[in-house]
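Please read this briefing with the sequence and the 3D structure side by side. It moves from the annotated spans to the packing of helices and then to a pair of aromatic rings.

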Amino acid sequence: MTILVSVLVGAVIGILLGLLGGGGSILAVPGLVYGLGIPLGQAVPMSLLVVGLSALAGAVPKMRSGRVQWRVAAVFAVAGLPAAFAGSAANRALPPALALAGFALVMIAAGARMLASEDSIGTACRVDGSTVNWRRCTSRAVPVGLGVGFLTGLFGVGGGFLIVPGLVLLLGIEMSVAIGTSLVIVTANSASGFAAYLGDLSLDWRVAAVFATTAIGGSLVAGRYGQRVDVARLQRWFAFLIFTVAAFVLVDVIFVR
């Protein structure tokens with residue numbers, strides 16, 4: 001049963017990462033805690049490991065097709081790497097119930113972000129053609145990178161639900177490139193957050209291997225066939241699923257734990 005749940009949760013996370021450039025990782029920790037009964041202290045680093053590997057797998061085809069804005073990814077990653085270490089330290093200091101409650105609030109924010117209208121592409125961070133105006137954009141990209149990195153280390157989420165809108169609305173990057181760039185940033189932040197746990201790491205490596213393998217497979221399949229999917233509709237339905245899981249987590253924290 002444990003292996004079956006690992007396969008199902010891993011596949012869902014990988015597919016959503018490949019299609020949306022983020023968001024799927026928001027289900028990783030609840031899936032591990034409630035689906036597999038893994039303690040939160042182990043679920044967060046395992047989530048970081050799986051999310052990072054599946055994001056990397058999804059990013060490779062984007063790299064090959066030139067759909068990654070490397071300089072933007074570098075700005076986000078440089079800001080996010082130290083923040084991910086700080087988030088990991090904060091996670092170890094919080095009681096599990098409080099950390100789960102905070103995670104549920106992040107899930108609600110992620111769902112709301114997915115339902116928000118994104119009809120326009122930002123232009124504030126662009127100059128003539130497609131060149132990024134770094135003087136204006138850095139002041140916008142760095143705070144988002146810091147926030148996403150901290151959430152990655154704190155809750156084991158990739159943060160793509162914030163990165164993709166930020167890339168589109170702040171930097172004016174087209175969606176297909178934003179997804180590839182987001183996957184690169186998620187990979188870097190997840191690696192940093194996972195590294196912060198290495199000194200005190202205890203994982204069920206069999207579950208982690210199955211979880212990661214199916215997530216990577218799902219990400220590769222989604223990256224290959226994603227253009228055939230109505231991404232906007234998928235994102236709306238996924239937002240409602242996130243609200244449902246968040247409500248379950250809050251009920252458990254408030255009335256059960």
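This is a predicted model: local features need pLDDT of at least 70, side-chain atom pairs count only at pLDDT 80 or more; totals for chains, interfaces and linings use all residues.

**Annotated spans and helix packing**

In an unreviewed UniProt entry, the annotation "transmembrane region" is given to residues 38–60, 72–90, 96–116, 144–171, 177–198, 205–225 and 237–256.

**Two of the annotated spans**

**Helix 4 with helix 8**

- Two packed helices are described by the angle between their axes and by the distance between those axes.
- Helix 4, which covers residues 70–93, packs with helix 8, which covers residues 175–195, at an angle of about 25 degrees and with the axes 8 Å apart; because angles under 35 degrees count as roughly parallel, helix 4 is roughly parallel to helix 8.
- The crossing of helix 4 and helix 8 is right-handed.
- On the side of helix 4, the residues in contact include Trp70, Phe76, Gly80 and Phe85, and on the side of helix 8 they include Thr181, Ile185, Asn189 and Ser192.
- Sorted by class, the contact of helix 4 with helix 8 holds 12 nonpolar and 6 polar residues, with no charged residues.

**Helix 3 with helix 8**

- Helix 3, made of residues 40–64, also packs with helix 8, at an angle of about 150 degrees and with the axes 8 Å apart; because angles over 145 degrees count as roughly antiparallel, helix 3 is roughly antiparallel to helix 8.
- The crossing of helix 3 and helix 8 is left-handed.
- Among the residues that make this contact are Leu48, Gly52, Leu56 and Lys62 of helix 3, together with Ile179, Leu183, Thr187 and Phe194 of helix 8.
- By class, 13 nonpolar, 6 polar and 1 charged residues take part in the contact of helix 3 with helix 8.

**Helix 2 with helix 3**

- Helix 2 and helix 3 pack at an angle of about 140 degrees, with their axes 9 Å apart, and the two helices are therefore oblique to each other.
- Helix 2 passes helix 3 in a right-handed crossing.
- The contact brings Ala28, Val29, Leu32 and Val33 of helix 2 to Leu40, Ala43, Val44, Met46 and Ser47 of helix 3, and by class it has 8 nonpolar residues, 1 polar residue and no charged residues.

**An aromatic pair**

- A search of the whole structure finds 3 aromatic pairs, and one of them joins Tyr34 and Phe248 in an edge-to-face arrangement, with 5.0 Å from centre to centre and 80 degrees between the planes.
- Tyr34 lies in helix 2 (residues 28–35) and Phe248 lies in helix 10 (residues 231–256), so this pair ties together parts that are 214 residues apart in sequence.

How values were computed
Residues are numbered from 1 along each chain as its sequence is written. Side-chain values use heavy atoms; hydrogens and water are left out. UniProt positions are given in the numbering used here, feature names are shortened, and annotations may be inferred rather than shown by experiment. Axes are lines fitted to C-alpha atoms, for helices over the stretch in contact, and angles run from 0 to 180 degrees between N-to-C directions. Helices (H or I, at least four residues) and strands (E, at least two) are DSSP runs, numbered from the N terminus. Angles under 35 degrees count as roughly parallel, over 145 as roughly antiparallel, 65 to 115 as roughly perpendicular and the rest as oblique. A crossing is left-handed if the near helix is turned anticlockwise from the far one by less than a right angle, and right-handed if clockwise. Contact means heavy atoms within 4.5 Å. Ala, Val, Leu, Ile, Met, Phe, Trp, Tyr, Cys and Pro count as nonpolar, Asp, Glu, Lys and Arg as charged, and the others, Gly among them, as polar. Rings of Phe, Tyr and Trp (its six-membered ring) pair if their centres lie within 6.5 Å; planes under 30 degrees apart count as stacked, over 60 as edge-to-face and the rest as tilted.
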